[in-house]
Amino acid sequence: MSRPAATWSEDDSDTYRALSAFVVPERERQIAIIVELVNSSTAEGDVLDLCCGEGLLTRALLAATATGTVLAFDSSPGMVAATRRLCGGDPRLVTAIVDIADRSWRRFGRPLRAAASSLAVHHLDDEAKRALFADLFAALAPGGVLALADVIRPATEAGHDIAARMWDEEVERRSLALAGDRSGLAAFRAADWNHFRRREPDLVDKPATLVEHADWLRQAGFVAVDLHWMLAGQMIMSAWKR
Ligand SMILES: C[S@@+](CC[C@H](N)C(=O)[O-])C[C@H]1O[C@@H](n2cnc3c(N)ncnc32)[C@H](O)[C@@H]1O
């Protein structure tokens, strides 16, 4: 896919919804880990799913949430509509169309129990990532957790090559398991979605390294910053507010 625009488009949303079953590594396990992290929050309040996409994580968070609402935010009207459809009119779901880079949506009426985000924070530049981590730290209640799933930027060329190859392998595995053939891998390649294979600057995907994530989360005030899962250049971290 050529990427002339500096921002995610509705075409990107359509492409992602068509590919996501194949291209998100161990997607079911990732969702289960994030839900487990959110459930281990000792705080009360609402749960944020930032950049909810088509709503699979949102739906799992709602299913695991006894009290409070789940706030599902995304810039894409198509994605927000898909989330609302998937969650079947659950009255505990609150959706909003926001730009992740805009700081105005980060003021909440009451502290958050947890904030989760999957495959989205890498759309921010590094300065904006650090501002987001600081604002989410401020928005969380004591005992609250940030569960962050995202692509990372490998620190070396070898790391890029390993991540690229492992992502292809994982997409192939999922395609064979889910479709019974390699059609998912073919679509992934046709869409040029494996950005670890690109070396030119990418205006949409701006991942940071794993270590930068850990440093910036700690600098934002989080403690017990941890890594729970990693595969094919993609990770799940948690960070806590005490
Ligand atoms: C790769 S998808 C991930 C969706 C979902 N969280 C998941 O894990 O399947 C990236 C999501 O980020 C959203 N997004 C991209 N740029 C954004 C922005 N500037 N502000 C808010 N959301 C954005 C897209 O609409 C899309 O839903």
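A: In this predicted model, the axes of helix 1 (residues 10-23) and helix 6 (residues 157-179) come within 8 Å and cross at roughly 95 degrees. Angles of 65 to 115 degrees count as roughly perpendicular, and helix 1 and helix 6 are therefore roughly perpendicular to each other. On the helix 1 side, the contact is made by Ala21, Phe22 and Val23. Helix 6 contributes Trp167, Val171, Arg174, Ser175, Leu178 and Ala179. By class, the residues of this contact are seven nonpolar, one polar and one charged.

Helix 6 also packs against helix 7 (residues 183-190), with axes that come within 7 Å and cross at roughly 140 degrees. Helix 6 and helix 7 are therefore oblique to each other. Here helix 6 uses Trp167, Asp168, Val171, Glu172, Ser175 and Ala179, which meet Ser183, Gly184, Leu185, Phe188 and Arg189 of helix 7. This contact has five nonpolar, three polar and three charged residues.

The side chain of Ser118 has an N or O atom 2.6 Å from an oxygen atom of the ligand. For Ser75, an N or O atom of the side chain is 3.2 Å from a nitrogen atom of the ligand. Gly53 takes part through its backbone, with a polar atom 3.5 Å from a ligand oxygen atom. The ligand taken alone exposes 590 Å², of which the protein buries 91%.

Key: Residues are numbered from 1 along each chain as its sequence is written. This is a predicted model: local features need pLDDT of at least 70, side-chain atom pairs count only at pLDDT 80 or more; totals for chains, interfaces and linings use all residues. Side-chain values use heavy atoms; hydrogens and water are left out. Axes are lines fitted to C-alpha atoms, for helices over the stretch in contact, and angles run from 0 to 180 degrees between N-to-C directions. Helices (H or I, at least four residues) and strands (E, at least two) are DSSP runs, numbered from the N terminus. Angles under 35 degrees count as roughly parallel, over 145 as roughly antiparallel, 65 to 115 as roughly perpendicular and the rest as oblique. Contact means heavy atoms within 4.5 Å. Ala, Val, Leu, Ile, Met, Phe, Trp, Tyr, Cys and Pro count as nonpolar, Asp, Glu, Lys and Arg as charged, and the others, Gly among them, as polar. A polar contact is a pair of N or O atoms within 3.5 Å; within protein, one must be able to donate a hydrogen and the other to accept it, and residues adjacent in sequence count only if both atoms are side-chain atoms. Accessible areas come from the Shrake-Rupley method with a 1.4 Å probe; for residues, only the protein chains shown count as cover.
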